[in-house]
Amino acid sequence: MTDRFARALGWTSLMLGTAHLAAPKAVARLCGVDDAPGATTVARLVGGRELLHAALLLGAKNPAQWAWTRVAGDTMDLGVLGRAAANRTGTRRARALAALGVVAGIAALDAACARRGTAKAKGPLQVRASITINKPREEVYRFWRDLENLPSFMIHLDSVRTLDQRRSHWKANGPIVRLEWEAEIIDERAGDLIAWRSVPGTGISTAGLVSFTEGPGGRGTVVDVSLEYGAPGRKLAAAVARMFGEHPEQQVRDDLRRFKQVMETGEVVRSEGSPEGHRALRQLRQRPAQPIGGRA
Amino acid sequence: MKANVWAGRNRLEIEDVPDPRILNARDAIVRVTSTAICGSDLHLVDGYIPTVKKGDVLGHEFMGEVVEVGPGVRNLRAGDRVVVPFPIACGACFACEAELYSLCENSNPNAGMAEKLMGHSPAGIFGYSHMLGGFPGGQAEYARVPFADVGPIKIEDDLPDEKVLFLSDIFPTGFMGAEMCDIKPGQTIAIWGAGPVGQFAAASAFLLGADRVIVIDRFPYRLRRVQRTGAEVLNYEEVNVLDALRDMTGGRGPDACIDAVGMEAHHPTPAMYAYDRTKQAARLETERPYVLREAIMACRNGGVVSVIGVYGGFVDKFPMGTVMNRSLTIRTGQCHVQRYMEPLLDRIRAGEIDPSFVISHRMPLSEAPRGFELFKNKQDECNKVVLTP
């Protein structure tokens, strides 16, 4: 919803920008400033700026935050139009005041959108990923349900120790800090889904849901994972991700690729360029594709 | 061990590198007995492909003797003689089960890299950039072969290396190009590119029952070579190809057209340009993007355009109107080599074809850099170089 709102503002920017660039004189006249010597130049500059807003709002993945650029532009326009109205009389003053009113209205919309965008960015971090595995649903589910298997494909995990049917102790090894937390399974339907969350007050705030569905036409098992890092965990998760040089979304996708390899081929596939298997950081800093020295 | 290593743009060096060792249970280590230089290797050497790193061992056409197998390999043992297919494939995923081996979903550890540029990732390939896995190639004394229980084919009789080596890439690639044409008796097949792959496509088209094969190129020595397969030839520097093909086919056009050239795509954005270059593996040296367009324009109504020349990205001025209005079918793909090795080996054994006809130069691995020079610059009528470690 917020995104659609932001995109609509983007289209508005596009239309305004085009109008400013195509007919600067008409725009100046409408705003009552056609008597100023540089009016058409200013109109063109504003038009260019509007196109920049449009590019940001229509092109960005999370557009709402970019509405702040429009708020800044609106402030500038309000200043210019305010001065124009103050220095003029008669029809021109009336036109400038009308334009001022319109811009103020738009500014209110822009600010509302931008605030929603900021709020969204500060909310819990959510990542989703999906993969299809050429194995029966039961088998795929069972492997995941044995949480101690998770480190075999979640490369950032050191170990997971099962405490009882519901609770487990997780250890992750970052390059700088070591993280430990406890998690509990909060929902579980055999063969269908597993939902878990970190136990409050155990160091990290995270929750996850993995679901297993049969692929259409007997095409294996579709595994959907969604993870959420709550407000305290969000920063930590982002920091851990940064330490590894990875985006959280990329991490989950890489984990699922390794999961697929383990299920379908028996282990994580390694190359000399990426001896650890799928891993975003390795994609940036590959070893040369030549044999690794020393004996295993 | 000695290996042919990329040392920078247009710089190849024979270097001492560590011997490969088993990394996965289904690996085998192969002592390479023969390896070849492929047209697509040239683009790596030219440095157009950004995910090639200094120190990378090149080569994706090789064969040899198994010296060690991982605990997961049960069908091979030390001493077996094998030809290794260039795409690495697990044999267990959706793509492999559909025999689309070059699209194996598990064999590229750097799938994320390829995904960003191509939408989805194809299989890993030996010695062919980090985007396609970061696997060392076979222009070396030894090579690690992942999924050795799926890819390599055992050669159990005394067929010499030269007759079976090209099962690793160019024979199956040419064959798949012809197979995709769905050839029926009486048909005429036109092939752009008379390099080794074009030559194999021509030979394969005849094997599959084509009546006539017409090959288009500009190097007289390559056209002479392909004539030996029984093909007719056109030199595009001398004739208008569209007119000539129309005249040669009673005004109707060839029943199917094979693009064995590929194209050099350009893009102003470095990343997109990089992507284009990576997928580019023209078997002939060409700067001309019109081969695909010309093949489409030339093809008869309702015919097939088979694309085995490698393309990178986005084709400009693509004649979609003629494809749609004239009911053309476009078929393409990196060769699913594993699918073809067994049947093509049978054809070699039966004496239907001797793939060694493409070889023009033989030299020791230590002279690989010179072999690349000859091949790249078309010196000394270089057609195909085989290296022996």
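**Chat about strands and cores**

Modeller: Let me start with a detail: A:Tyr229 in β7(A) is the bridge partner of A:Thr206. Strands here are DSSP runs (E, at least two residues; helices are H or I, at least four), numbered from the N terminus.

Colleague: Before we go on, what sort of model is this?

Modeller: This is a predicted model: local features need pLDDT of at least 70, side-chain atom pairs count only at pLDDT 80 or more, and totals for chains, interfaces and linings use all residues. Residues are numbered from 1 along each chain as its sequence is written, with chains lettered from A and ligands numbered from 1 in the order in which they are written.

Colleague: Thanks! Which way do β6(A) and β7(A) run?

Modeller: Strand β6 (residues 206-214) of chain A and β7(A) run antiparallel, joined by 9 bridges. Strands pair if DSSP finds at least two bridges between them. These two form a hairpin with 6 residues between them, and A:Gly217 in the turn has a positive phi of about 65°.

Colleague: And how many bridges link β1 of chain A to β7(A)?

Modeller: Strand β1 (residues 125-133) of chain A pairs with β7(A) over 9 bridges, in the antiparallel sense. There, A:Ser130 stands opposite A:Asp224.

Colleague: Which side chains of β7 in chain A are buried?

Modeller: Along β7 (residues 221-229), A:Thr221, A:Val223, A:Val225, A:Leu227 and A:Tyr229 point to one face and are buried. Buried means 20 or more other C-beta atoms within 10 Å of a residue's own, exposed means 12 or fewer, and partly exposed is in between, with C-beta atoms placed from the backbone.

Colleague: Switching to chain B, why does B:Ala3 count as buried?

Modeller: Because B:Ala3 has 32 C-beta neighbours inside 10 Å. It lies in strand β1 (residues 2-8) of chain B.

Colleague: What is B:Ala3 in contact with, beyond four places in sequence?

Modeller: Its contacts (C-beta atoms, placed from the backbone, within 7 Å) are A:Gln290, B:Glu15, B:Val17, B:Val57, B:Gln139 and B:Ala140.

Colleague: How many residues are in the largest nonpolar core?

Modeller: That core has 122 residues, and B:Val30, B:Val83 and B:Cys104 are among those with the most contacts inside it. Helix α6 (residues 196-207) of chain B gives the most to this core, with 6 residues. A nonpolar core is a set of buried Ala, Val, Leu, Ile, Met, Phe, Trp, Tyr and Cys residues joined through C-beta atoms within 7 Å.

Technical notes:
Contact = placed C-beta atoms within 7 Å.
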